[in-house]
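Please open the model in a viewer and keep the selection tool at hand.

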Amino acid sequence: MSRNELNVVIFGHSGAGKSSLINMLCPGANADTSNDTSGCTKEEHEYECVLGPQQSCQLHDTIGLEEGFWGFLWAPKAEKQLKKYLKKIKPHLLVYCMPGTRNGLKKSHGRNFNKFKSMVGSRVRVVVVVTHVDSENFDNPEDWWTSASLNVLRKFDIPESTRHVCVSTLPKVDVDPGVHETSREAVIALIRNNLPSH
Ligand SMILES: Nc1nc2c(ncn2[C@@H]2O[C@H](COP(=O)(O)OP(=O)(O)OP(=O)(O)O)[C@@H](O)[C@H]2O)c(=O)[nH]1
Ligand SMILES: [Mg+2]
């Protein structure tokens, strides 16, 4: 199979930064992003993402999980829709987006990670992109995972061995260009290194 036919699905809670991540990885994607109280992405969409010379994959943006009854798509329906989408496109890699702000973390972050990890089973890897690790925390972004937050992850049953990167997915104009480029390269490497090799 050509690596260009590999499907990578980005999933996570509404507002976690999934569409911002798509915009960071796929120049020209122009995926809508928003800080509204209601979910922004209203349907799944796929974008071509260049991983390296003659290497690309399809990145799939999805509808946010865990919205309240008032949101765009109520949590049980969003979950059902994501499961249906995963069955349809048969992903080769799942990327779970979650915010790296301590007060932004909820038990449901762990629950959803584990729910979809068990759904795809051992055939498909699930990696994590921790977002919102912006300039002030960026000197050593992995600190977020390795220090205090590890306790939080343990409490949520997210295994420490989970392959992950901690980044800022803010657009280049809103963050130090170095932070943006380091973040972009880290996510590209995470995807490239965890896709099946054939
Ligand atoms: N500070 C900071 N803000 C971010 C980061 N990533 C995303 N945001 C902001 O968070 C808000 C939500 O981002 P989106 O990319 O729309 O989130 P989403 O996961 O696609 O949300 P839904 O489409 O509702 O599921 C936007 O205002 C983004 O600018 C980040 O790394 N740092
Ligand atoms: Mg979105």
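Helices (H or I, at least four residues) and strands (E, at least two) are DSSP runs, numbered from the N terminus. The model is a predicted one, in which local features need pLDDT of at least 70 and side-chain atom pairs count only at pLDDT 80 or more, while totals for chains, interfaces and linings use all residues. Residues are numbered from 1 along each chain as its sequence is written, and chains are lettered from A and ligands numbered from 1 in the order in which they are written.

**Whole chain.** Select the chain and colour by secondary structure: there are 6 helices and 6 strands, in the order β-α-β-β-α-β-α-β-α-α-β-α from the N terminus on. With the radius of gyration taken over C-alpha atoms and the globule rule being 2.2 Å times the number of residues to the power 0.38, the chain has a radius of gyration of 16 Å, close to the 16 Å that the rule gives for 198 residues, so the chain is as compact as a globular protein of that length. Along the principal axes, the C-alpha atoms fill a box of roughly 40 × 40 × 30 Å.

A residue is called buried if 20 or more other C-beta atoms, placed from the backbone, lie within 10 Å of its own; 36% of the 198 residues count as buried. Two residues are in contact if their C-beta atoms, placed from the backbone, lie within 7 Å. Among the contacts with a separation of 6 or more, 68% are accounted for by residues 24 or more positions apart.

**Strand E1 and its partners.** Select residues 7–12, strand E1, in which 5 of the 6 residues are buried. Two strands are said to pair if DSSP finds at least two bridges between them. E1 pairs in the parallel sense with E3 (residues 55–61) over 3 bridges and with E4 (residues 93–99), also in the parallel sense, over 5 bridges. Centre on valine 8: its bridge partner is leucine 59 in E3 and leucine 93 in E4. Valine 9 stands opposite histidine 60 in E3.

E2 (45–52) and E3 run antiparallel, joined by 7 bridges. The two strands form a hairpin with 2 residues between them, and glutamine 54 in the turn has a positive phi of about 55 degrees.

**Ligand 1.** Finally, select the residues whose C-beta atom, placed from the backbone, lies within 6 Å of the ligand. This shell holds 21 residues, the closest being Gly17, Ser20, Thr33, Thr41 and Gly64. Counting Ala, Val, Leu, Ile, Met, Phe, Trp, Tyr, Cys and Pro as nonpolar, Asp, Glu, Lys and Arg as charged, and the others, Gly among them, as polar, the shell divides into 3 nonpolar, 16 polar and 2 charged residues.

Definitions and conventions. Buried ≥ 20, exposed ≤ 12 C-beta atoms within 10 Å, placed from the backbone.
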